[in-house]
Amino acid sequence: MEQNEPNKPETQEITEGLAKIKTLGSVFYNPVQEFNRDLSIVVLNTFAKDYKGDSQTVWEAGHKYDDGISILEALSATGLRSIRYAKEVKGVKEIIANDISIKAVEDIERNICDNGVEDLVVASHDDATMLMYKNRKERRFDAIDLDPYGCPSIFLDSAVQTIKEGGLLLVTATDMAVLAGNSPETCYSKYGAISLRMKACHEMALRILLQCIEAHANRYGRYIAPLLSLSADFYVRVFMRVFTSPKKCKQTLSKLSMVHHCTGCGSYVLQPLGVIKTNEKTKQMKYGLPTRGFPNICEHCDHPFHVGGPVWNAPLHSPEFLAKLLTEIPENLATFKRIQGVLSVINEELIDAPLYYTLEQLSGTLHVETPSMGAIRSAILNAGFQVSYTHMNKTSIKTNAPSELLWDVMRAWESQHPVNKKRLVENSPATNILKKERKFEVSFEHHEGANPQSKKMGFLRFQQNPMPNWGPGTRATAMVGDNKLEKRKRNQGKRKREAST
Ligand SMILES: [Zn+2]
């Protein structure tokens, strides 16, 4: 590779999906996000069909349709995503690829020409929020994609107003440290909710993001209906439709919960902010506040709680939409196997059991040998409750069983695999949990539902990151002409090299 002159960034050529783009090294491109872009294409195709009805039967990708969908990519960087949408989404009317950086917009314009999608994609040089505010009355979009570096919250107020009725909002957040509990105070200032450092932190992140978008939508009498929510690599991504109904906004309170999380054993309890009672005869809804109180200390281990939230406690996805998605994944997508695997696991997730435990959390708390997933899942199913994985963790236990049942299962496990008594320090969670009597009958006998269908089918269910340069990358630096991505590449493995010399 040729040595670059100082401050003269190298041109990268990238082929992804049906798009071929050129970009200066200083404009942000993250190859790990190919999965994100592939999945977004599948979602947009399925959404467009649903949204526009039967006219789609004649639609082809790469052609302009006056009755097709309009898409705004508010933070476009290289234009890659918009160009891929133009070439791979069926039934597009127009796509606006916007960026605040003039260098990025020059890239976008060149890439539009190189890919021959001038009739479908228009480059725009504007502040994303200003662009959306300018269009919120006269020219709303059928789909708005927000894929920022970091937190999307500053774009939400304008986005929820600029999306058409029933339109699709696609939002990424990459500030996972904030959302996953490393900085609850920052999370509150950005998302209006307190994050917690808990095993289910990735789902907590999704639920915080959804409540944040719902709060923005509610201000304008609108509400969200999530189609798909996922946590992957270093980001979370949510897909939802946005509708208008001030009446439905009243239901938001009952779609939100505070999360009480035990600092000792990690048990959690959700406390909804509102309750709805429906009159059987008149079907009229009555809104109220819950009266249920919580004890100051955990009933299992006698340790105190942290309180986080509010979080979205309603479903993270639409089962009907997921079922359609699963039949519409083009096999030629580079990340086909991963999309198929992740969507299959999501399709099996219990929809009305927010958050989850992990296997190691349960055994680690008690300092006992870790049981197999099959044993734990069988015990829960044998007790008459439901259990599923989540796509976020390969040892996750999502269940509608009370936490008491889980600890009973672990007490039963411990009676068969006794803990080293030296590890039972006075007043530790393990000591306090093991001291309590079992209430449920526990059987570890193999249950046929213990092995999920997606596993039997051999799908790629939990892909780890195989890429170099893994991570959210560096913020786009086109504005300052710096070249951090290059520096990052040069520094890859530098510590290792230094250590080995
Ligand atoms: Zn506890």
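This is a predicted model: local features need pLDDT of at least 70, side-chain atom pairs count only at pLDDT 80 or more; totals for chains, interfaces and linings use all residues.
Let me start in the loop between β3 (64-73) and α2 (80-88), which is where A77 has its place; the helix and strand labels count DSSP runs from the N terminus, with H or I runs of at least four residues for helices and E runs of at least two for strands. Residues are numbered from 1 along each chain as its sequence is written, and side-chain values use heavy atoms, with hydrogens and water left out.

As background, most residues other than glycine have a negative phi, and most peptide bonds are trans. A77 counts as buried, at 15% relative accessibility, where buried means under 20% relative accessible area, exposed means over 50%, and partly exposed lies in between, using a 1.4 Å probe and protein chains only.

D302 also has a positive phi, of about 65°, although it is not a glycine. This residue is found in the loop between β13 and β14, and at 31% relative accessibility D302 counts as partly exposed. In strand β14 we also find P310, and the peptide bond that joins G309 and P310 is cis, with omega of about 0°.

Now to the zinc ion. Which residues are its protein donors? They are C262, C265, C298 and C301, each through its SG atom, lying 2.3 Å from the zinc ion; donors here are N, O and S atoms within 2.8 Å of the metal (3.2 Å for Na, K and Ca), and as water is not among the atoms, sites may look incomplete. Along the sequence, the spacing of these donor residues is C-x2-C-x32-C-x2-C. C262 lies in strand β10 (residues 256-262) and C298 in the loop between β13 (285-288) and β14 (305-312), so this pair ties together parts that are 36 residues apart in sequence. Both cysteines are covered: C262 is buried with a relative accessible area of 2%, and C298 counts as buried at 1%.

Why is the arrangement called tetrahedral? The four donor atoms subtend angles of 94 to 116° around the zinc ion, which makes it tetrahedral, because four donors count as such if all angles lie between 85 and 135 degrees.

Let me turn to strand β9 (residues 235-244), which is mostly covered, since eight of its 10 residues are buried. Strand β7 (residues 163-173) runs antiparallel to β9 and is joined to it by seven bridges, and two strands pair if DSSP finds at least two bridges between them. Within this pairing, L168 has R241 in β9 as its bridge partner. Strand β8 (residues 222-232) is also antiparallel to β9, with 10 bridges joining them, and here S229 stands opposite V238. β8 and β9 form a hairpin with two residues between them, and D233 in the turn has a positive phi of about 45°.

My last stop is K199, placed in the loop between α7 (184-191) and α8 (201-218) and partly exposed at 47% relative accessibility. Although K199 and L355 are 156 residues apart along the chain, their C-alpha atoms are separated by 8.9 Å. Leaving aside residues up to four places away in sequence, K199 touches Y356, T358 and Q361, where contact means heavy atoms within 4.5 Å.

Conventions
Four donors count as tetrahedral if all angles lie between 85 and 135 degrees; four count as square planar and six as octahedral if opposite donors are over 155 degrees apart and all others between 65 and 115; anything else is irregular.
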